[in-house]
Amino acid sequence: MSKTTSIPKKIERVRDHGYDNYMEVQKKVRKVLKFQDIICSQPNQTLPISRLDMFASRFGFKQFEAGSFILKFPHVFEIYEHPVQRILYLRLTRKALLQMEQEKQALYAQIPESVTRLRKLIMLSNTGRIRLEHVRIARAEFGLPDDFEFSVVLKHPQFFRLFDAEETRSKYIENVERDPNLAICAIEKRREQEYREKGIDAENIRFSFIVNFPPGFKINKYYKIAVWKWQRLPYWSPYDDVSGHDLRSMEAQKRMEKRAVATIHELLSLTVEKKITLERIAHFRMAMNLPNKLKEFLLQHQGIFYISTRGNYGKIHTVFLREEYKKGELIAPNELYLARRKLGELILLSPRKSNMSKELVTYSRDREDDEFGGIKGDYVEDSFEDSYSSLDVNAVSDCTDDENDSDQILDAEG
């Protein structure tokens with residue numbers, strides 16, 4: 001590293017296994033969700049095993065690989081023989097159906113929070129509007145339901161206006177009125193909390209970010225000085241209008257770079273799980289004045305963000321907000337995050353702990369007589385049993401489309 005007191009433009013990425021291990025689980029979750037969507041789209045939510053390979057080929061599975069895959073997760077999928085047709089069918093287990101119902105209820109229960117998140121997201125745009133398609137692609141990250149155009153945007157005309165732009169022939173969302181009370185960043189609240197709880201000097205944290213470098217990240221004295229200077233550099237809030245400022249000077253450019261860090265920090269703070277793919281951040285790059293080379297830019301600030309390439313053979317880059325995680329777990333989990341997490345827990349349960357045969361589940365006309373599970377993991381067992389009496393499993397009649405199948409991935413470096 002050169003002997004300079006400026007943060008280097010190019011820094012080698014240092015892996016943090018806590019985040020990478022989390023993404024390895026998410027890799028399995030994404031594949032399981034695709035099979036769930038297929039099953040839910042079929043009549044009676046059952047799929048003939050003979051058609052499994054045909055559907056699975058869309059996801060890149062080779063012949064017979066899909067069958068081997070679903071047999072690894074008997075707590076999510078079960079195979080049974082039809083009593084009349086004598087044909088093998090695939091369906092979801094009751095635990096998987098219950099998890100879907102819990103996630104659905106958690107999703108719609110937090111719609112008021114989603115309305116606020118969407119209003120703040122629009123306020124981050126330099127034009128005061130966001131393209132509807134870009135929000136649709138990232139709807140899961142922001143806790144928006146599939147029908148958010150109707151259940152969130154059109155249902156709240158006092159907050160949102162939906163219109164077609166003549167220049168692009170695309171739909172856009174804008175706020176009816178800008179609320180100054182929403183123009184407060186999450187990092188500003190965190191600074192106030194640090195000041196009140198730890199008594200840190202106000203001048204030292206006025207423009208600073210919480211920095212937590214990954215294990216093994218090499219820091220010399222010049223880099224420490226560079227970070228110290230950068231932490232005290234003033235910048236404009238992501239919610240401020242900078243169109244009236246002269247941005248040609250070197251000082252203004254440094255402030256704009258730090259403002260970009262604050263914008264991405266706020267964008268991640270608005271997500272349900274405090275993470276989002278780099279490719280989806282790129283959708284908002286033009287609207288939020290973000291740098292062209294996003295990956296290289298974020299690697300300059302590895303103490304604030306972590307980029308994981310695990311979980312999809314390096315094709316997708318997932319950006320985490322480091323201060324919100326500890327050992328790969330969200331520090332302050334919300335109900336929607338916990339509901340989604342239960343699917344991962346079902347996936348991680350060993351097939352040996354299942355009471356079901358790995359090859360065949362005897363068909364029972366009365367689903368109420370089926371065993372609920374035999375899960376040995378205390379956390380999953382207790383959480384499912386406690387909520388079973390208050391949920392209607394049979395109410396699960398529809399599934400959401402996987403947003404990954406319809407993404408129009410932008411080049412994160414362009």
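Glu-177 is placed in the loop that runs between strand E6 (171-175) and helix H8 (186-198). In this predicted model, the residue has a relative accessibility of 62% and therefore counts as exposed, the cut-off for that class being over 50%.

A buried position is provided by Thr-263, which belongs to helix H11 and has a relative accessibility of 3%. When neighbours within four places in sequence are left aside, the residues in contact with Thr-263 are Pro-238, Met-288 and Leu-290. Ser-125 and Thr-263 lie 138 residues apart in sequence, with their C-alpha atoms 9.8 Å apart in space.

For the chain as a whole, the secondary structure amounts to 16 helices and 11 strands, and buried residues account for 50% of the 414 residues. Of the contacts between residues at least 6 apart in sequence, 70% join residues that are at least 24 apart.

Two helix pairs were examined. Helix H1 and helix H14 (residues 335-348) pack with their axes 10 Å apart and at an angle of about 90°, and the two helices are therefore roughly perpendicular to each other. On the H1 side the contact is made by Tyr-22, Val-25, Lys-28, Val-29, Val-32, Leu-33 and Gln-36, and on the H14 side by Tyr-337, Leu-343, Gly-344, Ile-347 and Leu-348. By residue class, this contact of H1 with H14 comprises nine nonpolar, two polar and one charged.

In the second pair, helix H4 (residues 94-109) and helix H5 (residues 111-123) have axes 5 Å apart and pack at an angle of about 55°, an angle that makes H4 oblique to H5. Leu-107, Tyr-108 and Ala-109 of H4 meet Ile-111, Pro-112 and Glu-113 of H5 in this contact, whose residues divide into five nonpolar, no polar and one charged.

Aromatic pairs were considered next; such a pair of rings is described by the distance of the centres and the angle of the planes. The structure holds 22 aromatic pairs. One of them is formed by Phe-163 and Tyr-172, which are stacked, with 6.1 Å from centre to centre and 20° between the planes. Phe-163 has a relative accessible area of 22% and is partly exposed, whereas Tyr-172, at 11% relative accessibility, counts as buried. The rings of Phe-207 and Tyr-235 likewise form a pair, with their centres 6.1 Å apart, but their planes stand at 65°, so this pair is edge-to-face. Phe-207 is located in the loop between helix H9 (202-205) and helix H10 (221-231), and Tyr-235 in the loop between H10 and helix H11 (250-269), so the pair ties together parts that are 28 residues apart in sequence. Phe-207 and Tyr-235 are both buried.

Ring pairs also link Phe-35, Phe-59, Phe-61, Phe-69, Phe-73 and Phe-77 into a cluster. Charged side chains are placed over aromatic rings as well: the charged end of Arg-191 sits over the ring of Phe-209, at 5.3 Å from its centre, and Arg-255 lies over the face of Trp-236, at 5.9 Å from the ring centre.

Backbone geometry was examined at two loop residues. Most residues other than glycine have a negative phi. Asn-44, a residue other than glycine, has a positive phi near 60° and lies in the loop between helix H1 (17-41) and strand E1 (47-48). With a relative accessibility of 73%, Asn-44 counts as exposed. Lys-274 also has a positive phi, near 55°, and is found in the loop between H11 and strand E7 (275-277). In contrast to the exposed Asn-44, Lys-274 counts as buried because its relative accessibility of 16% is under 20%.

Note on methods: Residues numbered from 1 in each chain as written. Predicted model: local features only at pLDDT ≥ 70, side-chain atom pairs only at ≥ 80, totals over all residues. Heavy atoms only, no water. Phe/Tyr/Trp six-rings, centres within 6.5 Å; stacked < 30°, edge-to-face > 60°. Buried < 20%, exposed > 50% of the residue type's maximum accessible area, 1.4 Å probe, protein only. Helix = DSSP H or I, 4+ residues; strand = E, 2+ residues; numbered from the N terminus. Lys NZ or Arg CZ within 6 Å of the ring centre and 35° of its normal. Axes fitted to C-alpha atoms, helices over the stretch in contact; angles between N-to-C directions. Parallel < 35°, antiparallel > 145°, perpendicular 65-115°, else oblique. Contact = heavy atoms within 4.5 Å. Nonpolar A, V, L, I, M, F, W, Y, C, P; charged D, E, K, R; others polar.
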